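Take a walk through this model with the viewer open.

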Amino acid sequence: MKSALLQQMYKDVVEGVLLARESNYYTSLLNLSVEQSPERDESGNGMHLPSPDGGIRSHQDTEMSDADVLTTADVSNSFANVNPSFCPREVMLLQLTLIKMMVAKAESQEVEISMRQKYCEIFVLLLKEAKIDSQLICLVGSSDRLLSHMASKSLASLVYFQLKEENVLNVTWLTFILKTLSGFPVDTQVAQCLWTLTAVLEEVLKDRALPKTGILMKLLAPLDAVLEEFYNSILVHHFDSHCYTSPYCEAANNLISFVDLLEALLTSRIELELPLRCQRVLFLKVSYVLNLISSSVHYLIKKLFIMLLKKCVLYKTREDARSGSLSLQNPSLYEDMLALSNAVLQVVNLAWFDRIPLNERISYFGGSEAPSGGDTQSGSDQTVLRALSLVVLKALEFKCQSSATEAEIKGDFQNSMSQLLIFWKSHLKSSPQSHAVVHQCEWLSLIFIEQDDDLWEAAKALLLIYLKFDRLRHDTADNSSQKEEETCDVLTHACGYNPHCVFLFSLEKIAFDSTVLLDFLISSETCFLEYLVRYLKLLRKDWHQFVEVCNYFDTKHASFRSIAPVGLPHQAKQSCMTGESLQNACEQEPQTPLSLASSRNCLVFTTEQRDNEVVESNLSNSLICSDSTSLLGSLQSLVNYDSSEESELEPDGKECLVNTKKVPLINESKKRVRETGCSYTDDAQNMHKSEVLPLEQKAPNTSSCLTCMASLDNFIPLRVMLHKSTKCLEELQKAISRLHRRNLFPYNPSALLKLLNHIGKISKNVNSQ
């Protein structure tokens, strides 16, 4: 009888029909009638479930075989079929579902006020007279996982509803949380308790209309001390035990639930001006987490904690979120980030990376093994690799920003970057088609290229480190010698953080496609805007260094060697000789002492070509084309930004694209030779001409171009990389201007446009000389 009445109530709630009968009537229907016997054990086997007619009988009398256990889909299907012979378990699942649904409707502003008031009356009676919270807590400890899960969801909903509507924290639930967490590790069943607390916290954070500061203090202040104590208890265990080798065991389940709670606590910190101790404990005692990551705990748990550390280093307060940077003005945040950075750098310098074997299995649909017959190559988990790398880079950034002198960070920075470079080399397996990495600055783009937001966070961190070192050197410029400055410049390449190299390698990876940069600027998921503004300011005052690095890139590709068999002129040979020491510093293993070169104007890339394939790839890399869409391997833009203007396609861009389409694939190599040869002319004007002319008209001039290149008297250094990079920035400036004129750009880009215009003027002045 009761099951039929519950089904009718379920139907009325779903259809939005006002519950017409007295609230006491519906309270009696929703009463779980769960009693706890005095001899109840820890697994909850001593609790009693109601019979279908509302009576009480033992849970042990109603146990079913595995074949009879109903899934959630089975329960949902049974709601549609009026069946008066529901078993007690089905009746209880229906009651729990109704409680959860009614709480959601009572919080919805789309539901009529009369219905919401009716639901509130029922909840008040359930909590004060039926003691539904105590019954739900009994079910949370049930060995029946479905009942336990549904009870946890209903309990969290009621606690949150009471906290929101009455501004009162449920005392019964609070006592349950305090008792369970304080009893660990004697009482090992804490996963459902942690899950319920996390669910309540997340509901508070999701509610935009709720005054979160007062609610969070009411919720977390009574739990502050016990949460820190629990943090110490659960993370000081010896995780080398076999109990943690499976993600399905009780111990692992406790840790996974605790990670979810720590993430919610981290998110909630933004709402309080003075965070509680439980919101700071992850920063202040991060060494516990670092030890867990390097232990033999299951890989899934390691990954969850690594991703949590990544969220910590990227954490921003509400004020910081507006500016896009991490402020050092917040005292508690400054102290916490400093503690986290010191702990991370300390373990990294103690070969912490060596104790973290990254999982080489890639996840597939339906399992974690690659399908049979597939040609997928196994490799390290790139997500975890990027997360660990970003944690170290952000720790270095913060350590540098908080240091007053170069000596405070220089040694730790070099050691940490050396360990990080070794870590990258050991876990990034290059494909047979990829070229060998000969410069440390390239590793950053190789590691992060598949994740845009991480890429620019990492690039920004290295840029800020460089700017900090540069500022400290200028503050002591009177006492520093020219040789020391040259040594520091070499170190930027050897440690892989030269800002111009990092920027050019990143452009190279996206095929110099300005529309990709535009996507980054428009996206709210990346910090590319902040990075680009800072880099352009550096580029404006450090243009000569940028030009030198571009020349190094051109020497690396050495395309002219495969076109004309002529030797390098005297100046170029001398440059290669003076650059030998820096090249060795860039190519050596990072753990060995760095051999510092004394020359500033030295070559940082190797010019040796290993085989014909490398020569061919280098030749294609030196191809100059005004439109990035004609580049081989160019990334497709997410949006066609040219459509924002009716007819603003530049003539040279259109003609270049058309001419590229005219060339048959069989003549691809000949086209590269002609374009490359004709692009390396004596001045910028001839270079521009060679790009606009059709290929058929270029062919007769090829020999003259080669003859010009073969002449040592007329030798001009290659400017391929400089042209590509400045052309990309120029196209970016034009695209932003078009969108801004039509009010299609999402924010005011005036400051950015000024910087891009200034860089364009500098570039034109250099080319005209």
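How many aromatic pairs does the structure hold? The count is 24. Rings of Phe, Tyr and Trp (its six-membered ring) pair if their centres lie within 6.5 Å; planes under 30 degrees apart count as stacked, over 60 as edge-to-face and the rest as tilted. Phe353 and Phe423 make a stacked pair, with 4.2 Å centre to centre and 10 degrees between the planes. Phe353 lies in the loop between helix 17 (331-348) and helix 18, and Phe423 lies in helix 19 (residues 410-427), so the pair ties together parts that are 70 residues apart in sequence. Helices here are DSSP runs of H or I with at least four residues, strands are runs of E with at least two, and both are numbered from the N terminus. Phe353 is buried at a relative accessible area of 4%. Phe423 is buried at 2%. Buried means under 20% relative accessible area, exposed over 50%, and partly exposed in between (1.4 Å probe, protein chains only).

Before going further, note that this is a predicted model: local features need pLDDT of at least 70, side-chain atom pairs count only at pLDDT 80 or more, and totals for chains, interfaces and linings use all residues. Residues are numbered from 1 along each chain as its sequence is written, and side-chain values use heavy atoms, with hydrogens and water left out.

Now the chain as a whole. Its secondary structure comes to 37 helices and three strands. The chain has 769 residues, and 52% of them count as buried. It exposes about 35,700 Å², of which carbon and sulfur atoms supply 51%. Accessible areas come from the Shrake-Rupley method with a 1.4 Å probe; for residues, only the protein chains shown count as cover. Take the contacts (heavy atoms within 4.5 Å). Among those between residues at least 6 apart in sequence, 75% join residues at least 24 apart.

Back to the rings. Phe413 and Phe469 form an edge-to-face pair, 5.4 Å centre to centre, with 65 degrees between the planes. Phe413 lies in helix 19 and Phe469 in helix 21 (residues 452-475), so this pair ties together parts that are 56 residues apart in sequence. Both Phe413 and Phe469 are buried. Elsewhere, ring pairs link Trp456, Phe503, Phe520, Phe528, Tyr531 and Tyr535 into a cluster.

Some rings carry a charge over them. The criterion is NZ of Lys or CZ of Arg within 6 Å of the ring centre and within 35 degrees of the ring normal. The charged end of Arg21 sits over the ring of Tyr25, 3.9 Å from its centre. For Arg269 over the ring of Phe283, the distance is 5.2 Å.

Next, the salt bridges. How many does a search of the whole structure find? It finds 19. Each is a side-chain nitrogen of Lys or Arg within 4 Å of a carboxyl oxygen of Asp or Glu. Asp207 bridges to Lys164, with the closest N and O atoms 3.0 Å apart. This pair links distant parts of the chain: Asp207 is in the loop between helix 9 (191-206) and helix 10 (212-220), and Lys164 is in helix 7, 43 residues apart. Asp207 is buried at 12%, whereas Lys164 is partly exposed at 25%.

Helix 7 (residues 145-165) also holds Met150. Met150 counts as buried because its relative accessibility is 15%. Leaving out residues up to four places away in sequence, it touches Leu93, Leu96 and Thr97.

A second bridge joins Asp381 and Lys303 at 3.1 Å, N to O. Asp381 is in the loop between helix 17 and helix 18, and Lys303 is in helix 15 (residues 299-313), 78 residues apart. Asp381 is buried at 12%; Lys303 is partly exposed at 26%.

Glu730 and Lys734 give a local case, with closest N and O atoms 3.4 Å apart. Both lie in helix 36 (residues 720-741), four residues apart, about one turn of the helix.

Finally, a network. Salt bridges that share partners join Lys394, Glu397, Glu457, Lys460, Glu530 and Arg534. Lys394 is in helix 18 (residues 382-401). At 9% relative accessibility, Lys394 counts as buried. Beyond four places in sequence, Lys394 touches Val313, Leu314, Glu457, Lys460 and Ala461.
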